[in-house]
Amino acid sequence: MTARPAIKTVHAPARPAPRRGRPTAARAAALEPLILDAARALFLSRGYANTSMDAVAARAAVSKGTVYARYPNKGELFRAVAEERLAAWAAVSTSSYPAENGLDIADSLLKRALGTLDIIRLPEVQAFDHMVLSEAKRFPELTRLFLELQHRSFTNVMAEEITLAGRGDGSPVADAYGVALVIATSLISWFRMESILGEVSREAGEQFAHRLVSLCLGGRHSW
């Protein structure tokens, strides 16, 4: 059984002592990860509604003006956090299941489906899911933003894999993104529904991925 991939969270460097005056170039470059790291921690621990820009500034040990200069409102700050984490999760998926030349389309689809499920199962990903879904009534735009970014991230990675495999077996895929969207959406939706009932085992995920890929391959002629 393949071990669950470990996601690499790049924490911001240790906070330097506060200084007066204009920050150096090195200090300015370090501000963004400081702010995003602080915001991520607060969003996950307090929720979106209970996280203020003032609290983010305090946790990051920067001024409110520094935060607002980069992110004019909390929505933009959340978008930046979501995009940074989604990029990190996608990097884990591609490093754990790198694209390979010579795989047929069936093996490529299954590999990417399993990689997607491994990412969805990560505690941090589930924590973000829980946070945005619990805030859906009060902040529907927040939920919509995160889900759209999440689907796009997973779908793009899968579409690249499908395109590569189609070229490799001499049967180019005309709508790789459409096929990837169906598979990614099915995987995410299935996992969320199963999670309501309890913990989803890796074995259950593998069984669902095999069934889903088999069904999609049955309609290969329409791709």
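Colleague: Which residues of helix 2 are buried?
Modeller: Helix 2 covers residues 53-60, and its buried residues are Met53, Ala55, Val56, Ala57 and Ala60. Keep in mind that this is a predicted model.

Colleague: What follows helix 2?
Modeller: Ala61 does, and its phi is positive, near 60°.

Colleague: Stepping back, how many helices and strands does the chain have?
Modeller: There are nine helices and zero strands. Going along the sequence, the pattern reads α-α-α-α-α-α-α-α-α.

Colleague: And how much of the chain is buried?
Modeller: Of its 223 residues, 45% count as buried. The chain exposes about 11700 Å², and 55% of that is supplied by carbon and sulfur atoms.

Colleague: What about contacts between residues at least 6 apart in sequence?
Modeller: In the chain, 70% of those contacts join residues at least 24 apart.

Colleague: Let's turn to helix 6. What is its reach from first C-alpha to last?
Modeller: Helix 6, residues 123-134, has 12 residues and reaches 16 Å, close to the 16 Å expected at 1.5 Å a residue.

Colleague: Which of the residues in helix 6 are buried?
Modeller: Glu124, Val125, Phe128, Asp129, Met131 and Val132 are the buried ones. Looking down the axis of helix 6, these buried residues fall within an arc of 165°, so they line one face of the helix.

Colleague: What does the face turned away from the buried side carry?
Modeller: That face of helix 6 carries Pro123 and His130, which are exposed.

Colleague: New topic: salt bridges. How many are there?
Modeller: The structure holds 12. In general, side chains of opposite charge can pair when their charged atoms come close.

Colleague: Which residue does Glu161 pair with?
Modeller: Glu161 forms a salt bridge with Arg112, and their closest N and O atoms are 3.1 Å apart. This pair links distant parts of the chain, since Glu161 sits in helix 7 (residues 140-168) and Arg112 in helix 5 (residues 105-120), 49 residues apart.

Colleague: Are those two buried or exposed?
Modeller: Glu161 and Arg112 are both buried.

Colleague: What is the partner of Arg202?
Modeller: Arg202 forms a salt bridge with Asp118, with the closest N and O atoms 2.4 Å apart. Here too distant parts of the chain are linked: Arg202 is in helix 9 (residues 202-218) and Asp118 is in helix 5, 84 residues apart. Both Arg202 and Asp118 are buried.

Colleague: Which residues do salt bridges that share partners join into one network?
Modeller: Asp37, Arg40, Glu84, Arg85 and Glu124 are joined that way. Glu124 also came up among the buried residues of helix 6.

Colleague: Last topic, the surface. Which residues form a nonpolar patch there?
Modeller: Met193, Ile196 and Leu197 form one, with about 400 Å² of accessible area together.

Colleague: Where is Met193 placed?
Modeller: Met193 is in helix 8, residues 176-197. Met193 is exposed because its relative accessible area is 55%, and the cut-off for exposed is over 50%.

Definitions and conventions: Residues numbered from 1 in each chain as written. Predicted model: local features only at pLDDT ≥ 70, side-chain atom pairs only at ≥ 80, totals over all residues. Heavy atoms only, no water. Patch = residues over 30% accessible without salt bridge, like charges linked within 9 Å, V, L, I, M, F, W, Y side chains within 5 Å. Areas by Shrake-Rupley, 256 points an atom, 1.4 Å probe, with all protein chains shown as cover. Salt bridge = Lys/Arg side-chain N within 4 Å of Asp/Glu carboxyl O. Helix = DSSP H or I, 4+ residues; strand = E, 2+ residues; numbered from the N terminus. Buried < 20%, exposed > 50% of the residue type's maximum accessible area, 1.4 Å probe, protein only. Contact = heavy atoms within 4.5 Å. Expected span 1.5 Å × (residues − 1). Arc of directions from axis to C-beta.
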